[in-house]
Amino acid sequence: MRSVRKTFRSAGPQMLPALDNVDLDIKTGERVVICGPSGSGKSTLLRCVNALESPDSGEVRVWGVDITKLQGRRLYAARATTGMVFQHFELYPHLSALENITLAPRRILRQSRDEAGARALDLLGQMGLSEYADRYPDQLSGGQRQRVAIARALAMDPRIMLFDEATSALDPEMVREVLDVMRELAAAGMTMLIVTHEMGFAREVGDTVVFMDAGRIVEMGKGSEVLVNPREERTRLFLDRVLAH
């Protein structure tokens, strides 16, 4: 990301900066954890990486291609290299777990029903959900639904995985099962960009930790530095409040 800016209109005429001149580099295989208060621009940053949001200015290059310049099929092809897991699962309620996972591979990658189904069953097995293939989202726990959502993203064979507070909507006892799946992806070398308030997980998994506030990157570095001994006072105040809970 180079000089990326994005603003949204508030309730009045004022334009609020969601991203304010953001520069960020992510290497292949790197796990980058983004933390910060609500409204700091974390989710908007993720959504710019896979072109769900278009920045007002600046460049977002994925594998050397500025995706802000793409349209039509070229945009869809670029977006397909990036998997995203949302806070509230975003599963189709009228489709089974298996159907949620096979929908995009069949429609976008033009896989056959058998090919997509075999891959989906394999992914459900990896998520510990083999016996839940025919269940609908409302028949699954929050943790199970989020694991289905991860399997759905992985079914597109992405080169980058984006996690937007993937555990924040879960009951505490379900958080660990989702974090365990994310740990396995990290250990396998997947390039990951993770928005989370799970500071222990961030320190364990993140090669790089980014702290954001008011649309800007305030501090960035190794997790052992940013989360244990932050340089910036704003980072320290945030961590004190989060760790106090």
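**Note on helix packing and nonpolar cores**

1. The axes of helix α5 (residues 142-154) and helix α6 come within 8 Å of each other and cross at roughly 20°. Because angles under 35 degrees count as roughly parallel, this makes α5 roughly parallel to α6. The crossing in which α5 passes α6 is right-handed. As a reminder on how to read such values, two packed helices are described by the angle between their axes and the distance between the axes. Please keep in mind throughout that this is a predicted model.

2. Which residues meet where α5 and α6 touch? On the α5 side they are Gly 142, Gly 143, Gln 144, Gln 146, Arg 147, Ile 150 and Leu 154, and on the α6 side they are Met 174, Glu 177, Val 178, Val 181 and Leu 185.

3. The residues of the contact of α3 with α4 divide into 7 nonpolar, 2 polar and 2 charged.

4. Which residues of α3 are buried? They are Ala 97, Asn 100, Ile 101, Thr 102 and Pro 105, and what covers the buried residues of α3 includes both α4 and α5.

5. The largest nonpolar core has 47 residues, and the members that touch the most other members are Ile 150, Met 161, Phe 163, Met 182 and Met 192. Helix α6 (residues 172-187) supplies the largest share of this core, namely 8 residues. Apart from this core lies another one, of 24 residues, which includes Ile 34, Val 62, Ile 67 and Leu 193. In general terms, nonpolar side chains in soluble globular proteins tend to be buried together.

6. Met 192 deserves a separate look. Leaving aside residues up to four places away in sequence, Met 192 touches Glu 30, Arg 31, Val 32, Met 161, Phe 163, Met 182, Leu 185 and Ala 186. Among these neighbours, Met 161, Phe 163 and Met 182 are also named with Met 192 as members of the largest nonpolar core that touch the most other members.

Conventions. Residues are numbered from 1 along each chain as its sequence is written. This is a predicted model: local features need pLDDT of at least 70, side-chain atom pairs count only at pLDDT 80 or more; totals for chains, interfaces and linings use all residues. Side-chain values use heavy atoms; hydrogens and water are left out. A nonpolar core is a set of buried Ala, Val, Leu, Ile, Met, Phe, Trp, Tyr and Cys residues joined through side-chain atoms within 4.5 Å. Buried means under 20% relative accessible area, exposed over 50%, partly exposed in between (1.4 Å probe, protein chains only). Helices (H or I, at least four residues) and strands (E, at least two) are DSSP runs, numbered from the N terminus. Contact means heavy atoms within 4.5 Å. Axes are lines fitted to C-alpha atoms, for helices over the stretch in contact, and angles run from 0 to 180 degrees between N-to-C directions. Angles under 35 degrees count as roughly parallel, over 145 as roughly antiparallel, 65 to 115 as roughly perpendicular and the rest as oblique. A crossing is left-handed if the near helix is turned anticlockwise from the far one by less than a right angle, and right-handed if clockwise. Ala, Val, Leu, Ile, Met, Phe, Trp, Tyr, Cys and Pro count as nonpolar, Asp, Glu, Lys and Arg as charged, and the others, Gly among them, as polar.
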